[in-house]
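Please look at the sequence and the 3D structure shown below, and then follow the report that comes after them. It moves from paired strands to a helix and then to charged side chains.

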Amino acid sequence: MSAPSRFFDLSARAKLRLTGADRVRFLNGQTTNDVRKAGFDAAQESCVLNSKGHLDAHVFLFATPNEIWIDADAEVREKLQGRLDRYIIADDVLVEDTSESFALFHVLTELKPEGVETKFCVRSRRLGRDGWDLWIEPVAAKAATDALAVTYRLAGENEWERLRIENGMPRWGRELTSEIIPPEANLAECAIDYEKGCYIGQEVISRIKMSGQLRQRLCRLTSENALTPGMELRANTKLVGRITSAAFSARLNAHIGLAMVKRGHTDAGTSLAALADGAEFNVRVVDSSQIPCHSERSEAGSKDPAALP
């Protein structure tokens, strides 16, 4: 008998609502993806940048007939609203913080969850696999949790982290910071529309696409030894990166991690040395490619760490 699908409580994430006649045009000039293509059926992944092309926020958004709804990491709650407000000049746009107005659950399943009272139910791929975001008013959150628990298993932060790392998905405060340009974190395929037109930071992103050159790239790693965030990665004596996230995958029977690794050391199979507290051991680069936005991945796949799901 197969294990039940899981759901995760993401209610701590920041949530914003944009209203006003100019909301689509305005937000399209602030984000890397094409807001004009956003709908109610699926969440659009996107980034908000500064003029140098560095990240101000990594967001998911969807559009209803009169509103655009955004969620982002809780750490950028105040910064994101302020960042958007700063560029509203003569636009008919209102940005409201609705973080406390909704619980947010992510259900890791291909089929739309049934029997749950939601404000919005939107398909999304937060872990590189098909899932659903459930926006629920606080008064209904307990009933929704109980209803979901009948069919799905409530999973915690550690399991989210393991799945995220296995699938190479970056997270704000780890792989995603104000020093990172989206393609470095493998966000180009799902979060950038290169045909959409102007937005803050576009010149830098377009220049990188034309040159094909990145200073560093997010890589998945595997090791026989435990990994911890902050560990230095070296090629011979040269510092080429640091581990940003780490976990142990019982399914793969391997220690796994994510790291930003400098150009020239990101090929699959590259062996690097991890350093911590005077100890040194080998880690292997699995790959530096992003999971396609619409690929199908299964946990029943190979146990070879070189073929993480």
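## Strands, a helix and salt bridges

Strand E11 (residues 216-223) and strand E14 run antiparallel and are joined by eight bridges, where two strands are said to pair if DSSP finds at least two bridges between them. Helices (H or I, at least four residues) and strands (E, at least two) are DSSP runs, numbered from the N terminus. The model is a predicted one, in which local features need pLDDT of at least 70 and side-chain atom pairs count only at pLDDT 80 or more, while totals for chains, interfaces and linings use all residues. Residues are numbered from 1 along each chain as its sequence is written, and side-chain values use heavy atoms, with hydrogens and water left out.

**The strands around E14**

Strand E14, which covers residues 254-262, is mostly covered, since eight of its nine residues are buried; buried means under 20% relative accessible area, exposed means over 50%, and partly exposed lies in between (1.4 Å probe, protein chains only). Strand E14 also pairs with E13 in the antiparallel sense, over eight bridges, and here serine 245 is the residue that stands opposite leucine 258. The strands E13 and E14 form a hairpin with four residues between them, and asparagine 253 in the turn has a positive phi of about 50 degrees.

Which residue of E14 stands opposite serine 249? It is alanine 254. Serine 249 belongs to strand E13, which spans residues 238-249, and serine 249 is buried, with a relative accessible area of 0%. If neighbours within four places in sequence are left aside, serine 249 is in contact (heavy atoms within 4.5 Å) with Arg162, Glu166, Ala254 and Ile256.

Strand E13 has a further partner, because E12 and E13 pair in the antiparallel sense over four bridges. The bridge partner of leucine 233 in E13 is glycine 241. The hairpin of E12 and E13 has two residues between the strands, and in this hairpin asparagine 236 takes a positive phi near 60 degrees.

**The two sides of helix H3**

In helix H3 (residues 141-151), the residues Ala141, Ala144 and Leu148 are buried. Seen down the axis of H3, the buried residues fall within an arc of 60 degrees, so they line one face of the helix; the arc is that of the directions from the helix axis to the C-beta atoms. An α-helix has 3.6 residues a turn, so residues three or four places apart point the same way. The cover over the buried residues of H3 includes strand E1 (6-9), strand E7 (103-107) and strand E9 (131-136), whereas the face turned away from the buried side carries the exposed residues Lys142, Ala143 and Val150.

**Salt bridges**

How many salt bridges does a search of the whole structure find? The search finds 30 salt bridges, each being a side-chain nitrogen of Lys or Arg within 4 Å of a carboxyl oxygen of Asp or Glu.

| Pair | Distance |
|---|---|
| Aspartate 56 and arginine 83 | 2.9 Å |
| Lysine 142 and aspartate 146 | 2.7 Å |
| Arginine 242 and glutamate 232 | 3.5 Å |

The side chains of aspartate 56 and arginine 83 meet in a salt bridge, and this pair links distant parts of the chain, with aspartate 56 in strand E4 (residues 55-64) and arginine 83 in helix H2 (residues 77-86), 27 residues apart. Aspartate 56 counts as buried at 9% relative accessibility, and arginine 83 is buried too, with a relative accessible area of 2%.

Lysine 142 and aspartate 146 are four residues apart in helix H3, so about one helical turn separates them. Lysine 142 counts as exposed at 57% relative accessibility, while aspartate 146 is partly exposed, with a relative accessible area of 39%.

The side chains of arginine 242 and glutamate 232 also meet in a salt bridge. Arginine 242 lies in strand E13 and glutamate 232 in strand E12 (residues 232-235), so the pair ties together parts that are 10 residues apart in sequence. Arginine 242 is partly exposed, with a relative accessible area of 40%, and glutamate 232 counts as partly exposed at 22% relative accessibility. Elsewhere, salt bridges that share partners join Arg6, Arg153, Glu159, Arg162, Glu166 and Arg251 into one network.
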